[in-house]
Amino acid sequence: MKPEQPSLWGEPHHRDEAEPVPPARTVPRILRVTDLNRRVRSLLDADAILADIWVEGEISQPSYPPSGHCFFTLKDANSQVRAALFREELARAPVRPVHGMNVIIHGRVRAYEPQGVYQLYVDSLTPAGAGDRHARYEALRAELAATGIFEEARKRPIPRWPRRIGVVTSPVGAVWRDITNVLRRRYPLAELILSPTIVQGATAAPAIVRALQRLYAQPALDAIILARGGGSLEDLWCFNDERVVRAVADAPVPIIVGVGHESDITLADFAADLRAPTPSAAAELATPDAAQLATIIGRLRERATNALAGWATDRRGFVDAEERALTRLAPDIGAARQRAADLIDRGGRAVGDQLERRRALLTATGEALRTLSPAATLERGYAVARTTDGRIVLDASSVAVGAALRVTVARGTVETRVERTNDEGTEELLA
Amino acid sequence: MTDDTALRELSDDDLVKRPFDELVVALQQTVHKLEAGNVGLEESITLYKDGLRLHAACDKRLREAELTITELGRRGVTGAEPEE
């Protein structure tokens with residue numbers, strides 16, 4: 001510095017190291033590199049736009065030094081800029097920067113004096129298009145939900161013991177291996193029908209649809225598993241494709257979707273009859289556990305044995321019960337017989353007495369009847385006079401003089417004629 | 001479902017080829033009939049023998065089962081998808 005030359009500077013009173021003033025044209029002011037960089041830095045720091053800026057670009061060659069920070073180049077087709085994402089901001093970022101990733105960055109531009117570069121200091125970073133994609137996802141979800149294909153009522157139960165299980169997944173990689181491992185251990189009785197497909201990339205969605213439809217044409221399938229391993233949001237995006245979602249909803253038999261990890265939920269999951277958190281879980285949800293089946297059939301056999309033993313026990317119990325009942329009844333029969341005999345005796349006696357009394361009564365009655373009979377009266381000297389037409393003559397005036405009368409006496413009949421009548425003589429008879 | 005008379009007529013070899021779930025259901029039905037107890041001695045013994053045969057067939061199926069895998073389009077019939 002040469003403070004003795006202030007006149008050469010345009011603004012001597014404001015001159016300081018932080019704000020060097022351009023030297024006059026005529027007399028060059030020789031700056032140190034540090035001064036230069038500081039000058040540039042202060043210019044950049046003073047710019048309000050550069051202090052609060054959004055930039056979209058593609059990440060290139062990210063590096064992760066031991067400091068925990070991340071440094072990368074952000075570029076587009078024509079230009080590039082260095083970027084720094086410090087440890088704290090990196091921890092908050094929704095994605096870890098990887099080569100080729102398109103991102104939208106917020107931050108500020110500053111000069112890095114030691115290297116004479118300006119760079120982007122990132123305070124937030126999101127995958128480019130995430131906002132758009134989320135909006136598209138929500139719109140499609142609402143649209144498909146309105147068609148009813150996500151309705152709980154559409155969901156069918158998974159058959160308890162599936163014989164033929166269709167699987168749509170990539171035939172290479174861990175997912176198919178996991179599924180077959182689970183089923184070998186858990187339910188080797190099943191027959192698996194693999195319908196292979198690619199499960200990522202731009203052509204994945206139509207390929208998955210074709211693989212599903214090939215399975216749908218298979219006879220006698222009991223259930224279908226659609227599976228894919230974990231991956232980035234972009235990798236799983238084909239399971240949000242409308243064609244895939246609709247193909248899942250069209251499954252002719254119950255379909256289980258197991259895509260990505262527990263937290264990944266795609267529209268295909270909503271359309272499935274059952275959502276599995278992972279591909280392995282899908283295989284487990286599709287099948288019973290053979291170890292439990294062995295226990296179940298073992299118990300059935302025990303029950304058959306117990307039932308047969310029970311049959312015999314029940315019959316023996318029945319016979320015993322009958323025998324006891326008979327034993328209980330036997331003394332009763334004797335007593336009843338005794339009672340019956342008693343009753344017969346008493347009845348016989350009662351009837352006998354009754355007959356005797358009746359017989360006596362009858363004799364007495366016969367005597368009385370005999371006493372009252374006309375024959376007995378005639379025997380006592382009375383006679384009965386009848387007219388020729390058989391009327392008994394009770395009143396003397398009822399017969400005419402000269403009428404024939406037939407008089408019955410105790411022994412025989414007298415034929416006579418009326419000579420005279422009078423209405424006296426009854427008292428005489430009684431006197 | 002095949003009724004128990006039809007299953008009775010199958011040889012042990014044919015019985016074990018029936019679908020596993022069908023065998024288990026037949027076993028369950030046999031046990032239920034035995035447990036109901038409203039059959040005679042002869043029928044009970046026949047049912048019990050049925051149960052033992054069905055149990056043996058289920059057990060054999062479980063022990064000897066091997067996962068069968070068919071891959072659609074592998075033989076070029078329907079055109080496989082390219083692999084990842």
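Visitor: What share of the 431 residues of chain A count as buried, and what makes a residue buried?

Guide: Of the 431 residues of chain A, 22% count as buried. A residue is buried if 20 or more other C-beta atoms lie within 10 Å of its own, exposed if 12 or fewer, and partly exposed in between, with the C-beta atoms placed from the backbone. Please keep in mind that this is a predicted model, in which local features need pLDDT of at least 70 and side-chain atom pairs count only at pLDDT 80 or more, while totals for chains, interfaces and linings use all residues. As for names, residues are numbered from 1 along each chain as its sequence is written, and chains are lettered from A and ligands numbered from 1 in the order in which they are written.

Visitor: Why does A:Ala249 count as buried?

Guide: A:Ala249 has 21 C-beta neighbours inside 10 Å, so it counts as buried. You will find A:Ala249 in helix H6 (residues 242–249) of chain A. The helix label comes from DSSP: helices are runs of H or I with at least four residues, strands are runs of E with at least two, and numbering starts from the N terminus.

Visitor: Which residues does A:Ala249 touch, not counting those up to four places away in sequence?

Guide: A:Ala249 touches A:Ile149 and A:Ala271. Here "touching" is a contact, in which the C-beta atoms of two residues, placed from the backbone, lie within 7 Å. The C-alpha atoms of A:Ala249 and A:Arg154 are separated by 9.1 Å, although these residues are 95 apart along the chain.

Visitor: How do you know that E6(A) is mostly covered?

Guide: Five of the six residues of E6(A) are buried.

Visitor: What makes E6(A) and E7(A) a pair?

Guide: DSSP must find at least two bridges between two strands before they pair. Six bridges join E6(A) to E7(A), so these strands pair. They run parallel, and A:Arg164 has A:Glu191 in E7(A) as its bridge partner. E6(A) also pairs with E8(A) in the parallel sense, over four bridges, with A:Val168 facing A:Leu226 as bridge partner.

Visitor: What is the order of the strands in that sheet, and why is one side of each edge strand left without a neighbour?

Guide: The six strands form an open sheet in the order E10(A)-E9(A)-E8(A)-E6(A)-E7(A)-E1(B), with parallel pairing. Strand E10 (274–276) of chain A and strand E1 (68–71) of chain B stand at the edges with a single partner strand each, so one side of each has no neighbour in the sheet. On average, neighbouring strands are turned by 20° against each other, direction ignored. Such angles use lines fitted to C-alpha atoms, for helices over the stretch in contact, and run from 0 to 180 degrees between N-to-C directions.

Visitor: How do you know that E1(B) belongs with E7(A)?

Guide: Four bridges join E7(A) to E1(B), which run parallel; A:Ile193, for example, has B:Thr70 as its bridge partner. Helix H4 (residues 174–186) of chain A packs on this sheet too, touching E1 of chain B as well as strands E6 (164–169), E7 (191–196) and E8 (223–228) of chain A.

Visitor: Why is the unit of E6(A), H4(A) and E7(A) called right-handed?

Guide: With the strands pointing away from you, the path from the first strand over the helix to the second runs clockwise in a right-handed crossover. E6(A), H4(A) and E7(A) make a β-α-β unit of that hand.

Visitor: How many residues of each chain are in contact with the other?

Guide: 36 residues of chain A are in contact with 34 residues of chain B. H9(A) gives the largest share of chain A's side, 13 residues.

Visitor: Where is confidence highest and lowest in chain B?

Guide: Confidence here means pLDDT, the predictor's score for each residue from 0 to 100. Among the elements of chain B, helix H1 (residues 4–9) has the lowest mean, 72, and E1(B) the highest, 90. Over the whole of chain B the mean is 78, and 81% of its residues reach 70 or more. Over residues 75–84 of chain B, pLDDT stays under 50. Where pLDDT is low, the predicted coordinates should not be read in detail. For the complex, the predictor gives an ipTM of 0.79 and a pTM of 0.53.
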